[in-house]
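Morning, everyone. Please bring up the structure, and we'll walk through it together.

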Amino acid sequence: MVFILSDDHRYDFMSCVDSCPDFLKTPNFDRMANAGAHFRNAFVSTSLCSPSRASILTGRYMHHHGVVDNQRPIPAGTEFFPSHLQHAGYTTAFIGKWHMGHDDDAPRPGFDFWASFRGQGVYTNPVLNINGTQQTFDGYTTDILTDVALDWLKQDHSEDNPYLLYLSYKAVHYPFQPSPRDEHRYRDEAIDYPEKMANTERNYRTQPRWVLDRRYSIHGIDHMETGAFDKDPVPDFDQLFHQYCETVHGLDENIGRVLTALEEAGDMDNTIVIYMGDNGFHLGEHGFYDKRDAFETSIRVPMLALAPGRIAAGTKIDELVQNIDVAPTVLDLCGITLTEEMKFDGRSMQSLWQPRLSSTPPWRDHILYEYHWEWNFPATPTTLAIRTDRFKYVYYHGDWDQDSFYDLQTDPIERHNLIDVPAYQDQIESLRNQLFAELAESGGLNLPIRIPEGERLDQRKRP
């Protein structure tokens, strides 16, 4: 079992997706999609690094695992799904970005082999904690993490000694830094700017006020290029966009290295590879760069699965899946019985790619989303949302503003907030009631307040 996680990789920046920039080439993501399954509606339950990663490892919503921001570690005693694999005889390895707590890189329960770094890490010359010992490496971090993973894969992993490799990249986290070989690869390519990027009356006429305000905050494009006086580290938008694409390209190269190593070792026929991003990322949409909110380019992520002989080539899955589904899926694939004691909020996705006796297997018809306001980045309010295959209702807590309701079929870029349109009031009320009923039943309305910690980035640059 190989699970590969990236950071800030949005769902549509793979060349196998029609809306991908024409110049961005990702042959290895395309390789996985063409030879395996492409989950075209994959989402996170919280679009923020630490909460999303905790949801992947626990199979639980943020309000259950308790990791609500990027400042604090996961609560003591939390159970991660690799522990169940260890009990079943699997050897487990974690390599890469952990990022639940900024200051700790120590080995965590559930993993026999550990190679990680503190917090966000760096793109070059990383210091890795390998099984409790600090080691310094020279080079590009994405390449180095792959090197460590491939060295580990060369160990004896027979059918009598099955394994889980959890490979967690820093790329493509902001600030984007491509490898030296990919730097300026796309610098001269023309950018097709998003329709929702322009600061026009049409784009903001019906949106909540905080949406317009945020484009002048630390995560807004009008926060860029305001002069050296404020030491703003953000480049101009074109540079930001090109560096993102170049960093994605380098990530794709390393995904290819892993796939090729499995094939050359003769292991691919007995291995399942799952790839996903930990959250999406705006690149101009709504005037933003970053994530956190409940807009599509924030909450949708890439997800691919490759398993020759188990998953038919070219499988396309349109059901709504989430990061909370990873843990039960991996255990199910490895033959481990899922029990109520595991307390998973997600479910196994295996049935979605298996041959079907009927046209549609039983599956969820909506997803829930939650994000809690951060003292460090106060521009985005506490956000609770429910999304079906067509509609999305978004509730903003503690903010003197209006909520949001979008028809994703007629308005996929979420330009028109329909919250006040009379014809939709019954639909809005139904989704609002469902959102709060489900959160109330599972304890999701007990919003935590944390002691402020870390740097506060709260400057507005609105004229």
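Two strands pair here if DSSP finds at least two bridges between them. Strand 3, residues 42–43, runs antiparallel to strand 12, with two bridges. Look for Phe 43: opposite it, in strand 12, stands Arg 300.

A word on the source. This is a predicted model, where local features need pLDDT of at least 70 and side-chain atom pairs count only at pLDDT 80 or more, while totals for chains, interfaces and linings use all residues. Residues are numbered from 1 along each chain as its sequence is written, and side-chain values use heavy atoms, with hydrogens and water left out.

Now zoom out. The protein has eleven helices and 19 strands. Those are DSSP runs, numbered from the N terminus: helices are H or I with at least four residues, strands are E with at least two. The radius of gyration is 21 Å, close to the 23 Å that the globule rule gives for 463 residues, so the protein is as compact as a globular protein of that length. That radius is taken over C-alpha atoms, and the rule is 2.2 Å times the number of residues to the power 0.38. Along the principal axes, the C-alpha trace spans about 60 × 55 × 45 Å.

How much of the protein counts as buried? The figure is 60% of the 463 residues. Buried means under 20% relative accessible area, exposed over 50%, partly exposed in between, with a 1.4 Å probe and protein chains only.

Next, two helices. Helix 2 covers residues 49–58, and ten of its ten residues are buried. Among them are Cys 49, Arg 53 and Thr 58. Gly 59 follows helix 2, with a positive phi near 70°.

Helix 10 is residues 326–333. Seven of its eight residues are buried, so helix 10 is largely enclosed by the rest of the structure. Those buried residues include Val 326, Pro 328 and Leu 333. What do the buried residues of helix 10 pack against? Their partners include helix 2, helix 4 (81–87), strand 1 (2–6) and strand 15. Contact here means heavy atoms within 4.5 Å. After helix 10 comes Gly 335, where phi is positive, near 80°.
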